[in-house]
Amino acid sequence: MGPGIGTTQAVTLSGVPETLMWNLYQRAWEARRPRPVLHDPKAVELVDTLGFPFERRFGRPNSLIAQGHALRVRMFDAVVKDFLAAHPYGTVVQLAEGLETQFWRCDNGHAQWLGVELPEIAELRRSLLPDGDRRRTLGCSALDLSWRDEIDPSRGVLITAQGLLMYLRPGQVRDLLAGCAEAFPGGALVFDTVPRWFSAHTFTGAVRTARGYPAPPMPWAINRSELPRLATAHPAIASIRQLLPSVGRGLYHGAVAPLLSHIGVRNALVLVAAVAQFANQRPERRI
């Protein structure tokens, strides 16, 4: 067993894996506020424990961005909680969750939780957040669909892909969607990505913090109006349901962003989020 959350541990990451530290930092920053939109004491604990130069690497968080990130997380939490209310003994599969602490925010005391991480990230996560009786981390790429064999689908399955798909290529996204739909009838995948204009900016280096930390390139992007096309990835994808941003505090997150999402200026927002619902039965194959 690793040192656990109570022991300072130095961490060195780069590229896409380093984004898990940025995500953790934003959640913890928002959670420390007097009226946070997301209560996440485990994230605060991790930031205080890790020997990672958060502020030197990323700069002091922008409160608007940190709140926006926390609202994204809260949107995922709401889908997970709804799933657990309907399937209290179901399984939540978290693809590339990094140091996400959703289990501590949403667990109902009965569900099974499986994290699917690249082996080096899985090792880091287990050292900081050791596996439990109902929660474990598997060292495996989300694109290696052998992880599906680890799951009992009989009590319901919800798959989360938070902050993952935008870093994949379009063909990989379709294969992942198809693989999930094929294996888990009646299940669902909740995911997010970015609109095309934002993806283009990540390839120019224009998306960076004030300290100069650049967002990694995001090859897969889709505008909200294009979401229905994802149902063509596999006949077992019954529907694609858009998720609207949670309402936060302040002028932008409390009024402007919700208004933009409702009046159709949806590609002006950075986040594109949806739930892919899978049919209850596998479609018959045509000969």
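The legends below describe an overview and several close-up views of a predicted model.

Residues are numbered from 1 along each chain as its sequence is written, and because the model is predicted, local features need pLDDT of at least 70 and side-chain atom pairs count only at pLDDT 80 or more, whereas totals for chains, interfaces and linings use all residues. Side-chain values rest on heavy atoms, with hydrogens and water left out.

**Overview. The protein chain with its helices and strands.** The secondary structure comes to nine helices and nine strands, where helices (H or I, at least four residues) and strands (E, at least two) are DSSP runs numbered from the N terminus. Of the 287 residues, 53% count as buried, a class that means under 20% relative accessible area, as against exposed at over 50% and partly exposed in between (1.4 Å probe, protein chains only). Among contacts (heavy atoms within 4.5 Å) between residues at least 6 apart in sequence, 72% join residues at least 24 apart. The chain exposes about 13400 Å², of which carbon and sulfur atoms supply 53%; accessible areas come from the Shrake-Rupley method with a 1.4 Å probe, and for residues only the protein chains shown count as cover.

**View 1. Salt bridges around D40.** A salt bridge is a side-chain nitrogen of Lys or Arg within 4 Å of a carboxyl oxygen of Asp or Glu, and a search of the whole structure finds 15 of them. One of these joins the side chains of R27 and D40 at 2.9 Å, N to O; R27 lies in helix α1 (residues 19–31) and D40 in the loop between α1 and α2 (41–49), 13 residues apart, and the pair links distant parts of the chain. R27 counts as buried at 2% relative accessibility, and D40 is likewise buried, with a relative accessible area of 2%. The side chain of D40 also meets that of R105 in a salt bridge of 2.8 Å, N to O; because D40 lies in the loop between α1 and α2 and R105 in helix α5, this pair ties together parts that are 65 residues apart in sequence. R105 counts as buried too, at 15% relative accessibility.

**View 2. The salt bridge between R196 and E226.** The closest N and O atoms of R196 and E226 are 3.0 Å apart, and since R196 lies in helix α8 and E226 in the loop between α8 and β8, the pair ties together parts that are 30 residues apart in sequence. R196 counts as partly exposed at 43% relative accessibility, whereas E226 is buried, with a relative accessible area of 10%.

View 3. The side chain of T204 reaches the backbone oxygen of H201 at 2.8 Å and the backbone nitrogen of A206 at 3.3 Å. T204 and P214, which are 10 residues apart in sequence, lie 9.9 Å apart in space, C-alpha to C-alpha.

**View 4. Helix α7 and the elements that cover its buried residues.** Helix α7 (residues 170–183) has 14 residues and reaches 20 Å from its first C-alpha to its last, close to the 20 Å expected at 1.5 Å a residue, the expected span being 1.5 Å times one less than the number of residues. Its buried residues include Q172, V173, L176 and L177, and the cover over the buried residues of α7 includes β3, β6, β7 (188–193), β8 and β9 (272–278).

**View 5. T160 and its surroundings.** T160 is placed in strand β6 (residues 157–161) and counts as buried at 4% relative accessibility. Leaving aside residues up to four places away in sequence, T160 touches F76, V80, V92, V93, Q94, L95, Q102, L189 and V190.

**View 6. A96 and its backbone angle.** A96 lies in the loop between β3 (91–95) and α5 (102–106) and counts as partly exposed at 27% relative accessibility. Phi of A96 is near 55°, a positive value in a residue other than glycine. Most residues other than glycine have a negative phi.

**View 7. The start of helix α4.** Helix α4 (residues 63–86) has 24 residues and reaches 35 Å from its first C-alpha to its last, close to the 34 Å expected at 1.5 Å a residue. At its start, a side-chain oxygen of N62 reaches to within 2.8 Å of the backbone nitrogen of L64.

Notes:
Polar contact = N/O pair within 3.5 Å; in protein donor to acceptor, adjacent residues only side chain to side chain.
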